[in-house]
Amino acid sequence: MLKDFIKKLMYPNRYSSPALIESLRKNGAIIGDDVHFYAPATSLVDINSARFIEIGSHVMFTSNVTLLAHDYSCFVLANAFDSMPRKQQKTVIGNNVFVGMNVTILMGTHIGDNVIIGAGSVVSGNIESDSVYAGNPAKKVCTLKEHYDKNCEHFIESATCYAEEFRRVKGRLPEIDEMIIYRALFCNQKELSDYANKENFRCITKKAKDNMSMPEFENKFSTVQELLEYVKNKH
């Protein structure tokens with residue numbers, strides 16, 4: 001396609017996620033499996049210092065992410081002190097990490113495993129595993145388990161929002177097969193697992209898909225209309 005050809009000309013090292021990952025590896029970066037840059041052309045990754053970058057497996061970078069592995073501000077020191085004590089550290093991202101839109105990860109950052117970085121964050125230092133961080137500078141918001149529990153608490157509300165906006169745009173309620181992950185409210189564990197394996201969910205392990213289960217919501221409703229009526233009556 002012409003569009004893809006133009007993207008290759010404009011962004012030879014980042015016209016696609018595989019192209020960017022290959023370029024980083026060729027320049028010395030250590031990168032695990034199932035790593036995805038959602039919008040590589042909008043992301044700024046320190047390719048020239050890639051040997052100081054280490055990324056684990058099952059990591060998602062969204063749009064406009066900046067990932068740094070060097071700091072040339074030492075030129076100011078050279079001009080001020082006639083000496084150039086350049087600082088160098090590795091930038092390390094663990095396994096099972098989500099990096100939101102417009103995030104900047106500074107040189108020397110160490111992000112643990114099972115971490116969510118909220119949109120717009122500026123990240124430095126050590127980021128604890130099993131945590132959610134956000135802000136500038138990024139600070140710990142909650143544990144990953146607390147975030148999970150909160151999402152579960154609002155799952156029915158989220159499903160309702162999805163269904164109502166679907167109806168507003170399409171002029172009809174979605175079929176159960178169109179309820180994406182919210183179909184967990186209308187099916188059993190095996191059906192949910194089958195769906196997870198069928199869909200192209202990026203950065204989710206085969207083990208997680210095989211074991212996908214939300215028992216507190218299993219077969220809670222028979223139809224989408226029943227879901228909406230339940231929420232309406234609840235309020």
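How many aromatic pairs does the structure hold? In this predicted model, local features need pLDDT of at least 70 and side-chain atom pairs count only at pLDDT 80 or more, while totals for chains, interfaces and linings use all residues. Residues are numbered from 1 along each chain as its sequence is written, and side-chain values use heavy atoms, with hydrogens and water left out.

The structure holds nine aromatic pairs (rings of Phe, Tyr and Trp, the last by its six-membered ring, with centres within 6.5 Å). In one of them, the ring centres of phenylalanine 37 and phenylalanine 61 are 4.4 Å apart and the planes are at 5 degrees, so the pair is stacked (planes under 30 degrees apart; over 60 is edge-to-face and the rest tilted). Phenylalanine 37 belongs to strand 2 (residues 35–37) and phenylalanine 61 to strand 5 (residues 59–61), so the pair ties together parts 24 residues apart in sequence. Strands (E, at least two residues) and helices (H or I, at least four) are DSSP runs, numbered from the N terminus.

An open sheet is formed by four strands in the order 3-6-9-12, with parallel pairing (two strands pair if DSSP finds at least two bridges between them). Strand 3 (44–45) and strand 12 (122–123) stand at the edges with a single partner strand each, so one side of each has no neighbour in the sheet. Strand 6 (residues 66–67) pairs with strand 9 (residues 104–105) in the parallel sense over two bridges, and threonine 66 stands opposite threonine 104.
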